[in-house]
Amino acid sequence: MTPEEKRKLQVAQQCAGLLKLATDLKAQVDKSRKDELSVTVVRKAAELEQMAHKVRNGAALSTSNE
Amino acid sequence: MSDLNPTAANITAISRQRFASLLFLALLLIVSVRAGLPQSSKGVVLSSQSVVSLQHQTFDNTADTGIGGLDPVMAARRMKMLNNERHRALISDCDKLLKLATELNDEIARSNSGALTPEQLRKVAEIEKLAHGVREKMTMTIVSPSAGYFPVAGPQ
């Protein structure tokens, strides 16, 4: 597997992870009540934020390496 | 003393009279001030009893009103409205998040490059920002004081 293919696979996996987290988050928010603090929603949102940050940083690093 | 002329004797008598009248006036002034002091202090200094009663009155006033001096019913209605608004915003943000993540995933699956385009990078940044907003909004849940507890939904 070439580095380019490896990188492509990594980005695809990260984006699939983002989509899965976003889907989970949406499901949890739909389940939550209006006057309730959902720990699951807070945790999922934090995970999604971290993952998006990682994807952005990884992309920036790969761009600067090229 | 009998050698003194009548004028000098008159002057001494007058000065004695003046001294006596001045002394009398001074005594009268002291007596009147002492007699009047407690009456005037009642108007200025609050006794500890009156301070306590004032404090009770203050607490009673806060008990009758809601947060920020609002009527409790109005406060509860306002909180309910804010929570509705917050929940609506949460759902809207999550919809946007899901849309962006789906679009990004489709674009990546179609593309042959391992690098992200500026447009895709913008979408990732938007996802990060929205996720941060969802977290913030969820932690800012407003609870009615009448509920008496803070409802927290644990991990499901």
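Author: Since this is a predicted model, confidence comes before geometry. Chain A has an average pLDDT of 87, and 89% of the residues score at least 70. Within chain A the mean is lowest in H2(A), at 85, and highest in H1(A), at 91.

Reader: What is the mean pLDDT of chain B, and what share of its residues reach 70 or more?

Author: For chain B the mean is 73, with 57% of the residues at 70 or more. Among its elements, helix H2 (residues 48–64) of chain B has the lowest mean pLDDT, 44, whereas helix H4 (residues 118–139) of chain B has the highest, 94. The stretch of residues 38–64 in chain B falls below 50, and beyond near neighbours in sequence it has one contact in the model. For the model as a whole, the scores are ipTM 0.89 and pTM 0.62.

Reader: Which secondary structure does chain B contain, and in what pattern along the sequence?

Author: Chain B is made up of four helices and one strand, and along the sequence these follow the pattern α-α-α-α-β. Of its 156 residues, 13% count as buried. When contacts in chain B between residues at least 6 apart in sequence are considered, 64% of them join residues at least 24 apart.

Reader: How should I read the packing of two helices, and at what angle do H3(B) and H4(B) pack?

Author: Two packed helices are described by the angle between their axes and by the distance between those axes. In this structure H3(B) and H4(B) pack at about 155 degrees, and their axes are 9 Å apart. An angle over 145 counts as roughly antiparallel, and therefore H3(B) is roughly antiparallel to H4(B). Their crossing is left-handed. Residues making this contact include B:Leu90, B:Cys94, B:Leu97 and B:Leu104 of H3(B), and B:Val124, B:Ile127, B:Leu130 and B:Val134 of H4(B). Divided by class, the contact of H3(B) with H4(B) has 13 nonpolar, two polar and eight charged residues.

Reader: Turning to packing across the two chains, how far apart are the axes of H1(A) and H3(B), and at what angle do these helices pack?

Author: The axes of H1(A) and helix H3 (residues 72–110) of chain B are 9 Å apart, and the helices pack at an angle of about 160 degrees. Because of that angle, H1(A) is roughly antiparallel to H3(B). The crossing of H1(A) and H3(B) is left-handed. Among the residues that make the contact are A:Val11, A:Cys15, A:Leu18 and A:Leu25 of H1(A), together with B:Ile91, B:Leu98, B:Ala101 and B:Ile108 of H3(B). The residues of this contact comprise 18 nonpolar, three polar and one charged.

Technical notes:
Residues numbered from 1 in each chain as written. Chains lettered and ligands numbered in written order. Predicted model: local features only at pLDDT ≥ 70, side-chain atom pairs only at ≥ 80, totals over all residues. Buried ≥ 20, exposed ≤ 12 C-beta atoms within 10 Å, placed from the backbone. Contact = placed C-beta atoms within 7 Å. Axes fitted to C-alpha atoms, helices over the stretch in contact; angles between N-to-C directions. Parallel < 35°, antiparallel > 145°, perpendicular 65-115°, else oblique. Left-handed = near helix turned anticlockwise from the far one by under 90°. Nonpolar A, V, L, I, M, F, W, Y, C, P; charged D, E, K, R; others polar. pLDDT = per-residue confidence, 0-100.
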